[in-house]
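Subject: Structure handover

Hello,

Here is the structure you will be working with. Please open it first, then read the notes below.

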Amino acid sequence: HLEPAVPRRLVVLDPLPVEIVNFTPSLPSPETSTVDTASPVAPYGEEVRWVWAGNHPRNAAMGRRRVALTRRVVIERADFAVEPPPGFHRLSPGARVRLR
């Protein structure tokens, strides 16, 4: 009964630090309405790209929130494989991923 009523947030339980090597905070997003460059510097002096994320994937009426995207992020350790098995659609060396 909580599914339709609870806003979503991000959490990483088993963190693995990752650096986005082609990160450019000043480039516009394909959807320019989702980028907010009003705060160009994050804590610790790191450049930041503020993006918008929905509070609920199936209920736009719950609104949205700003999320900071920086060159350094953390992902779930289970979402990475040095030697990925066939059909692995997560992060691996030399592979391309899409952030949504």
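**What was found**

Searching the whole structure turns up zero aromatic pairs. To pair, rings of Phe, Tyr and Trp (its six-membered ring) need centres within 6.5 Å; planes under 30 degrees apart count as stacked, over 60 as edge-to-face and the rest as tilted.

**Ground rules**

This is a predicted model, in which local features need pLDDT of at least 70, side-chain atom pairs count only at pLDDT 80 or more, and totals for chains, interfaces and linings use all residues. Residues are numbered from 1 along each chain as its sequence is written, and side-chain values use heavy atoms, with hydrogens and water left out.

**Confidence**

pLDDT is the predictor's confidence in each residue, from 0 to 100. Its mean over the chain is 80. Of the residues, 78% reach 70 or more. Where is confidence lowest, and where is it highest? The lowest mean, 47, belongs to strand 2 (residues 35–36). The highest, 91, belongs to strand 1 (residues 15–19). Strands here are DSSP runs of E, at least two residues, numbered from the N terminus. The pLDDT is below 50 over residues 30–37. That stretch still has 13 contacts in the model beyond near neighbours in sequence. A contact means heavy atoms within 4.5 Å.

**Charges over rings**

Two arginines belong here. The charged end of Arg64 sits over the ring of Trp52, 4.5 Å from its centre. The charged end of Arg66 sits over the ring of Trp50, at 4.2 Å from the centre. The test asks for NZ of Lys or CZ of Arg within 6 Å of the ring centre and within 35 degrees of the ring normal.

**Around Ala68**

Ala68 lies in strand 4 (residues 64–70). Which residues does Ala68 touch, not counting those up to four places away in sequence? They are Val48, Arg49 and Trp50. Ala68 and Trp50 are 18 residues apart in sequence, yet their C-alpha atoms are 4.6 Å apart in space. Ala68 is partly exposed, because its relative accessible area is 38%. The classes are buried (under 20% relative accessible area), exposed (over 50%) and partly exposed (in between), with a 1.4 Å probe and protein chains only.

**Salt bridges**

Side chains of opposite charge can pair when their charged atoms come close. A salt bridge is a side-chain nitrogen of Lys or Arg within 4 Å of a carboxyl oxygen of Asp or Glu. How many does the whole structure hold? The search finds four salt bridges. One of them joins Glu3 and Arg8, at 2.5 Å from N to O. Arg58 also meets Glu3, at 2.7 Å. This pair links distant parts of the chain, 55 residues apart. Arg58 is in the loop between strand 3 (48–54) and strand 4, while Glu3 is in the segment before strand 1. Arg58 is exposed, at 68% relative accessible area. Another salt bridge joins Arg90 and Asp79, at 3.3 Å. Both residues of that pair lie in the segment after strand 5 (72–76), 11 residues apart. Arg90 is partly exposed at 42%, and so is Asp79 at 30%. Shared partners join Glu3, Arg8 and Arg58 into one network of salt bridges.

**Around Phe80**

Phe80 is also found in the segment after strand 5. Phe80 is partly exposed, with a relative accessible area of 29%. Beyond residues up to four places away in sequence, Phe80 touches Leu16, Ile75, Phe88, Leu91, Ser92 and Pro93. Phe80 and Pro93 are 13 residues apart along the chain, and 8.7 Å separates their C-alpha atoms.

Best wishes

How values were computed. Helix = DSSP H or I, 4+ residues; strand = E, 2+ residues; numbered from the N terminus.
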